[in-house]
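This report goes through a few local features of one protein chain.

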Amino acid sequence: MIEEAMEYIRRLFEGNSDGHDFAHTMRVYRNAMEIADSEPECDRMVVALGALLHDADDGKLFGTEHNEHARAFLSSQGVEPQTAEKILSVINDVSFSKNRDRKPELPEGCIVRDADRLDAIGAVGIARTFAYGGKHGRGLQDSIAHFHEKLLLLKDMMLTEKAKEIAESRHQFMIGFLRQWEKETGA
Ligand code: NI
């Protein structure tokens with residue numbers, strides 16, 4: 001079923017390149033499974049499917065409502081309603097804008113939210129910030145502001161111990177990048 005989910009997502013994101021693409025989903029999935037290894041009480045299937053489907057109904061990309069894509073996939077796989085509801089709750093707890101301060105109800109939700117946030121920082125976070133800025137007509141210096149407004153805050157918002165640990169070196173990498181940027185640009 002995991003492989004089916006990957007294939008479903010790959011087709012859904014075909015042709016998309018603003019950072020919320022198939023590669024992003026796969027990195028979030030890998031981050032989530034790494035965190036799950038340190039959280040023995042979690043349901044790994046819920047974590048895996050929550051991670052793989054977390055952007056399947058992204059409002060910026062798809063006009064779907066009520067997790068239409070995720071629901072369609074889960075029912076096509078015959079996932080039990082109770083498990084499907086858990087997975088949908090995990091997906092709905094990931095969004096940064098919708099849930100800024102509210103902690104996910106399920107431990108699996110904490111894992112997938114951390115996994116998604118980890119993909120916004122470090123080397124990948126830097127690359128995604130400029131790719132997104134370029135696509136939306138933002139200059140390099142404007143994208144730098146995004147680090148201070150959001151990315152540098154994420155390390156302290158991680159919920160699981162494992163994610164805090166992974167975030168630390170990614171955070172330091174961004175600090176080093178910004179220092180070098182200031183040195184080279186005088187800005
Ligand atoms: Ni995401």
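His 66 lies in the loop between helix H3 (44–53) and helix H4 (68–76). Helices here are DSSP runs of H or I with at least four residues, strands are runs of E with at least two, and both are numbered from the N terminus. The model is predicted, so local features need pLDDT of at least 70 and side-chain atom pairs count only at pLDDT 80 or more, while totals for chains, interfaces and linings use all residues. Residues are numbered from 1 along each chain as its sequence is written, and side-chain values use heavy atoms, with hydrogens and water left out.

Asn 67 also lies in the loop between H3 and H4. Phi of His 66 is near 55°, a positive value in a residue other than glycine. For Asn 67, phi is likewise near 55°, again positive in a residue that is not glycine. Most residues other than glycine have a negative phi.

Buried means under 20% relative accessible area, exposed means over 50%, and partly exposed is in between (1.4 Å probe, protein chains only).

The charged side chains come next. A salt bridge is a side-chain nitrogen of Lys or Arg within 4 Å of a carboxyl oxygen of Asp or Glu. By this rule the count comes to twelve salt bridges, including those in the table.

| Glu 7 | Arg 11 | 3.7 Å |

Glu 7 and Arg 11 are four residues apart in helix H1 (residues 2–12), so about one helical turn separates them. Glu 7 is partly exposed, with a relative accessible area of 32%. Glu 7 and Arg 11 also belong to a network of salt bridges that links them with Arg 10 and Glu 14.

Asp 119 is buried at a relative accessible area of 1%, while Arg 27 is partly exposed at 21%.

In the remaining pair of the table, Asp 156 counts as exposed at 63% relative accessibility.
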